[in-house]
Amino acid sequence: MILANNLKRQYDLFAEEYRQKAVEVLDSGWYVLGNEVKEFENEFASYIGSKHCVGVASGMDALQIAFRIIGIHEGDEVIVCSNAYIACAMGITMNGGTPVFVEPDAYDNLDAEKIGEKITDKTKAILAVHLYGQSCDMDKICEIARKYNLKVIEDCAQAHGTKWKKNKCGSIGDMACWSFYPTKNLGAFGDGGAITTDDEDYANEARVIRNYGSKKLHYENDIIGMNSRLDELQAGLLRVKLKHLDELNEERIQIADRYSNEIVNPLVRPLQTRPGSNNVYHQYVIHCDRRDDLMNYLKENDIGTIIHYPIPPHLQKAYAYLGYHKGDYPIAERYANEVLSLPMYNGMSKEELDYVIERINDFKE
Ligand SMILES: *Cc1c(COP(=O)(O)O)cnc(C)c1O
């Protein structure tokens with residue numbers, strides 16, 4: 001069985017380094033908000049090209065905190081792509097804000113051309129979700145944001161190492177939200193997340209919110225915060241992986257290049273990469289009109305695949321109160337029926353890749 005993602009393989013690549021670091025942290029006697037977190041925050045900020053990084057407990061928390069810091073409240077609207085992951089919408093609505101969906105473009109990311117028509121006097125921000133490992137068109141998004149005085153939040157949960165032109169994603173908007181969920185390109189061995197920003201006030205506020213609203217370590221609470229801390233073990237292990245992130249991304253790019261060059265089945269349309277962006281292939285996504293048949297056929301051939309994502313946010317039960325119906329976002333709904341993520345993980349063998357490509361090319365009407 002070839003899994004859609006095999007986390008044991010990426011661990012095995014640097015197992016000795018992870019084990020050593022884990023023991024080092026366990027032996028240190030300090031497990032939350034210590035030196036490993038501080039060093040990771042410095043190293044990650046410098047890798048991204050941001051002035052500040054604040055470690056938090058998850059990508060979801062990073063989004064919730066970022067929207068809180070820019071002041072999203074009841075009645076405020078935030079632009080987000082209609083094919084986003086559910087956490088993107090939840091980061092907005094947990095602050096009382098309303099997601100305003102904009103359809104994706106041919107690169108499965110926010111269609112910047114369609115943002116203008118959705119802007120009202122309640123619009124406060126744009127959430128640029130760099131889906132699947134490639135960048136949104138940040139030039140156009142930032143231009144619209146300047147024109148209407150909106151904040152730009154980047155969701156970089158799938159874009160560790162992605163660039164838009166010369167700059168890394170996560171260093172372009174007002175704030176960027178990161179997830180280190182184990183499957184992400186920079187994945188921890190448990191949950192983790194971060195916010196990067198050039199704004200010192202935003203960074204300080206995030207540090208206070210993540211720790212019960214306290215500036216000190218303990219027991220003096222200035223605002224109502226949350227418990228959203230990155231732990232020392234995850235931070236230490238992330239420091240180990242961050243050193244290897246570029247080579248891990250390069251390996252993904254090589255796997256993706258083989259898929260792109262060798263999949264010749266006209267029923268299968270690999271997603272292209274936007275000019276101006278690179279692609280770190282968090283997922284290798286194809287579109288197929290007979291996606292469910294393809295998925296079942298691959299499963300019968302012992303190949304795992306995943307749909308990212310089968311139900312767009314506007315059709316989720318959680319968002320029934322927004323009052324949307326099937327047909328309201330036809331592009332997102334079509335993509336939900338077409339997309340399929342092929343096996344993509346660090347440590348994937350040549351034989352596994354050969355086999356997946358062969359089976360896909362054998363898929364017939
Ligand atoms: C994974 C992911 C998140 C949420 O991250 P968690 O750490 O799982 O909370 C948010 N946005 C996108 C685009 C993601 O892929």
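## Around the ligand

Ala, Val, Leu, Ile, Met, Phe, Trp, Tyr, Cys and Pro count here as nonpolar, Asp, Glu, Lys and Arg as charged, and the others, Gly among them, as polar. By that scheme, the shell around the ligand holds eight nonpolar, four polar and two charged residues. This is a predicted model, where local features need pLDDT of at least 70, side-chain atom pairs count only at pLDDT 80 or more, and totals for chains, interfaces and linings use all residues. Residues are numbered from 1 along each chain as its sequence is written, and side-chain values use heavy atoms, leaving out hydrogens and water.

Of the 14 residues around the ligand (a heavy atom within 4 Å), Gly59, Asp155, Gln158, Ser179 and Lys184 come nearest. Helix H4 (59-69) and helix H5 (86-93) each supply at least two shell residues, and H4 gives the most, with three. Helices are DSSP runs of H or I with at least four residues, strands are E runs of at least two, and both are numbered from the N terminus.

Which distances separate side-chain N or O atoms from ligand oxygen atoms? For serine 179 the distance is 2.6 Å, and for lysine 184 it is 2.7 Å. A polar side-chain atom of glutamine 158 lies 2.8 Å from a ligand oxygen.

## A three-stranded sheet

Elsewhere, three strands form an open sheet in the order E10-E11-E12, with antiparallel pairing; strands pair if DSSP finds at least two bridges between them. Strand E10 (269-270) and strand E12 (339-342) are the edges, each pairing on one side only. E10 and strand E11 (residues 284-287) pair over two bridges, and proline 270 stands opposite isoleucine 286 in E11.

Terms used. A polar contact is a pair of N or O atoms within 3.5 Å; within protein, one must be able to donate a hydrogen and the other to accept it, and residues adjacent in sequence count only if both atoms are side-chain atoms.
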